[in-house]
Amino acid sequence: MRVAGLIRSIAAIWVLVAVCFPAGARSAVIIDSILVRVYDNVGIVTADLNDALKHSREILRRAEVSVDWVQCPARRTGSVPAICDTSPGNSEMVVRLIEGAEKDRDKRPLGQPLLDRSRGTGVFATVFMNRVDRFAEVAQYSRSVVLGRAIAHEIGHLILGTDEHSATGLMREVWTVEQLVRNRSEDWQFSPAQTFELRSAWLAGGSLASKSQATPPKRPRT
Ligand SMILES: [Zn+2]
């Protein structure tokens, strides 16, 4: 019994250490890159969109999530990557930027993930540009930075496979003008706990992993 008790104690300590150690305390493991297609239905100025995606990538990188962007402009005035016209494959996500209804420009949230709640999966999210623009305008803040943060927030939802929010950090439900102006870094990053959740969701077969590993149900031959 003493041996069993000792084993239980060691196990309890191990679990405690595993739960309490923030992501930064473990060896950094960069998970596989996610290819994110950005379908711009608004026609955002190229420099603004590039800047936004740079901000978004940096936020995600700090959470040990590596993303590559493919920009798919709705206004086909030039060449468009061929991938934009194909169905999303494994390890791919889609972020759609749309104008949104004028009457909703003061509304929140800034974006919306499309999730399969029963499976905890999602690969598609929308960001409402009129809400992003209005938020940035009222706060007199950079539109690109707000957009980059909104995109990172939505990708967070997709990786976690949930539309739930946290009280602090980037995954807060409500972003206020005051918070934007105050610009505390911890308000606009994934917290250590969220970083841990993101990695856990991924490694445990999160949205993309489960999608790529899923095998279609066998159907009886008819
Ligand atoms: Zn959200």
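Which residues in α2 meet which residues in α4? In this predicted model, Asp48, Asp51, Ala52, Leu53, Lys54, His55, Ser56, Ile59 and Leu60 in α2 meet Arg143, Ser144, Val145, Leu147, Gly148, Arg149, Ile151, Ala152 and Ile155 in α4. By class, this contact of α2 with α4 has 9 nonpolar, 4 polar and 5 charged residues.

**How the two helices cross**

- Two packed helices are described by the angle between their axes and the distance between the axes.
- Helix α2 spans residues 46-62 and helix α4 spans residues 143-160, and their axes come within 7 Å of each other while crossing at roughly 45°.
- The crossing of α2 and α4 is right-handed.

**The chain as a whole**

- The protein chain holds 7 helices and 5 strands, which run from the N terminus in the order α-β-α-β-β-β-β-α-α-α-α-α.
- Of the 222 residues in the protein chain, 32% are buried.
- Among contacts between residues at least 6 apart in sequence, 74% join residues at least 24 apart.

**Confidence in the model**

- The average pLDDT of the protein chain is 81, and 77% of the residues score at least 70.
- Over residues 3-30 the pLDDT stays under 50, and the model has 13 contacts beyond four places in sequence for this stretch.
- Over residues 209-222 the pLDDT likewise stays under 50, with 9 contacts beyond four places in sequence.
- Where pLDDT is low, the predicted coordinates should not be read in detail.

Definitions and conventions: Residues are numbered from 1 along each chain as its sequence is written. This is a predicted model: local features need pLDDT of at least 70, side-chain atom pairs count only at pLDDT 80 or more; totals for chains, interfaces and linings use all residues. Axes are lines fitted to C-alpha atoms, for helices over the stretch in contact, and angles run from 0 to 180 degrees between N-to-C directions. Helices (H or I, at least four residues) and strands (E, at least two) are DSSP runs, numbered from the N terminus. A crossing is left-handed if the near helix is turned anticlockwise from the far one by less than a right angle, and right-handed if clockwise. Two residues are in contact if their C-beta atoms, placed from the backbone, lie within 7 Å. Ala, Val, Leu, Ile, Met, Phe, Trp, Tyr, Cys and Pro count as nonpolar, Asp, Glu, Lys and Arg as charged, and the others, Gly among them, as polar. A residue is buried if 20 or more other C-beta atoms lie within 10 Å of its own, exposed if 12 or fewer, and partly exposed in between; C-beta atoms are placed from the backbone. pLDDT is the predictor's confidence in each residue, from 0 to 100.
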